[in-house]
Amino acid sequence: MERLQKVISQSGITSRRKAENLISSGRVKVNGEVVTSQGIKVSSNDKVEVDGVQIDREISVYYLLYKPTGVISSVKDEKGRKVVTDYFPHVSERIYPVGRLDYDTSGAILLTNDGTLANLLMHPKFEIDKTYVAKIDGIPSQNQLNKLAKGIRLEDGVTAKADVEMLSKDKAKKRAIIQITIHEGRNRQVRRMFEALGFNVLKLKRERYGFLDLKGLASGDSRELKPHEVKTLYQLVNKKR
Ligand code: URA
């Protein structure tokens, strides 16, 4: 149970103090009845209206999922394939993924119902660092890796600077494992960057989204973000505003 003025202010429509004014001026109804006294408590089942409009009672929730491959970064799929929200049957809030990972890509993806933060994180201006590990079908030269790092021309323009490091190479199998951190989020960007150099990406995993990594999570696992992590995400985007 929460105090009515808190519930109104949490919905984002006004401050706590102004919510008290709304209540005393008779503009608030609880379950269809006008309430003018301060301090009454309401539960999540109570319907709260301000000026006849029901307020959104959903509190913001934030999860980090280790998305397995073979899962769509969406809330539903027309072809009935598995989607990221299938991993959250216990969550009643209407969460959705922040950005996307390809069907074939595994790794860290954020889900939330906080549209403000999601929009900021997805906006090109605020794109946060994303670190991927790619297994590719060949061994790139240092010169080729430098090209990726400096920016490479794709059909939708030259990519921004990236951090690129070869983690290992298998000369016999002619394969390499490359870590790449990009600051943009174009469609299939990492795959297209390697393809531009003539390499196919055999496996792709996002190890980090900003400062969030997959520590302690197995494929298909998720965890709720800690309040300080949510705060840091907001700070990251606000710093660039
Ligand atoms: N780049 C890709 O190519 N695929 C992803 O899923 C994410 C980044």
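Asparagine 31 lies in the loop that joins β2 (28-30) to β3 (33-34). The model is predicted. Phi of asparagine 31 is near 50°. That is a positive value in a residue other than glycine. Its relative accessibility is 44%, so asparagine 31 counts as partly exposed.

Aspartate 46 belongs to another loop, between β4 (41-42) and β5 (48-50). Its side chain makes a polar contact with the side chain of asparagine 31, at 2.8 Å. The side chain of aspartate 46 also reaches the backbone nitrogen of serine 43, again at 2.8 Å.

## The ligand site

- Threonine 105 places a polar side-chain atom 3.0 Å from an oxygen atom of the ligand.
- Arginine 188 has a backbone N or O atom 3.3 Å from an oxygen atom of the ligand.
- Arginine 191 has a polar backbone atom 2.9 Å from an oxygen atom of the ligand.

On its own, the ligand has 240 Å² of accessible area. The protein covers 97% of that area.

## Arginine 188

Phi of arginine 188 is near 50°, a positive value in a residue other than glycine. The relative accessible area of arginine 188 is 37%, so this residue is partly exposed. The backbone of arginine 188 supplies the N or O atom that lies 3.3 Å from a ligand oxygen.

## Aromatic rings

The structure holds one aromatic pair. Its rings belong to tyrosine 63 and phenylalanine 88. The ring centres are 5.2 Å apart and the planes stand at 55°, so the pair is tilted. Tyrosine 63 sits in strand β7 (residues 62-67), and phenylalanine 88 in the loop between β7 and β8 (96-97). They are 25 residues apart, and the pair links distant parts of the chain. Both tyrosine 63 and phenylalanine 88 are buried.

The charged end of arginine 81 sits over the ring of tyrosine 103, 5.2 Å from the ring centre.

Valine 83 is also placed in the loop between β7 and β8. With a relative accessible area of 3%, valine 83 is buried. Between valine 83 and leucine 236 there are 153 residues in sequence and 28 Å in space, C-alpha to C-alpha.

## Helix α3

How do the residues of helix α3 (residues 115-122) divide between buried and exposed? Leu117, Ala118, Leu120 and Leu121 are buried. Seen down the axis of α3, the buried residues fall within an arc of 165°, so they line one face of the helix. Thr116 and Asn119 are exposed, on the other side of α3.

Aspartate 114 contributes at the start of α3. One of its side-chain oxygens reaches to within 3.1 Å of the backbone nitrogen of threonine 116. Threonine 116 is one of the exposed residues of the helix.

Isoleucine 8 has its place in helix α1 (residues 4-10). Its relative accessibility is 0%, so isoleucine 8 counts as buried. Glycine 210 is 202 residues away from isoleucine 8 in sequence. In space, these two residues are 32 Å apart, C-alpha to C-alpha.

Serine 25 lies in the loop between α2 (16-24) and β2. A relative accessible area of 48% makes serine 25 partly exposed. Serine 25 and isoleucine 8 are 17 residues apart in sequence and 14 Å apart in space, C-alpha to C-alpha.

Which backbone oxygens lie at 2.7 Å and 3.2 Å from a polar atom of the side chain of serine 25? The backbone oxygen of asparagine 21 lies at 2.7 Å. The backbone oxygen of leucine 22 lies at 3.2 Å.

How values were computed: Residues are numbered from 1 along each chain as its sequence is written. This is a predicted model: local features need pLDDT of at least 70, side-chain atom pairs count only at pLDDT 80 or more; totals for chains, interfaces and linings use all residues. Side-chain values use heavy atoms; hydrogens and water are left out. Rings of Phe, Tyr and Trp (its six-membered ring) pair if their centres lie within 6.5 Å; planes under 30 degrees apart count as stacked, over 60 as edge-to-face and the rest as tilted. Helices (H or I, at least four residues) and strands (E, at least two) are DSSP runs, numbered from the N terminus. Buried means under 20% relative accessible area, exposed over 50%, partly exposed in between (1.4 Å probe, protein chains only). A charge sits over a ring if NZ of Lys or CZ of Arg is within 6 Å of the ring centre and within 35 degrees of the ring normal. The arc is that of the directions from the helix axis to the C-beta atoms. A polar contact is a pair of N or O atoms within 3.5 Å; within protein, one must be able to donate a hydrogen and the other to accept it, and residues adjacent in sequence count only if both atoms are side-chain atoms. Accessible areas come from the Shrake-Rupley method with a 1.4 Å probe; for residues, only the protein chains shown count as cover.
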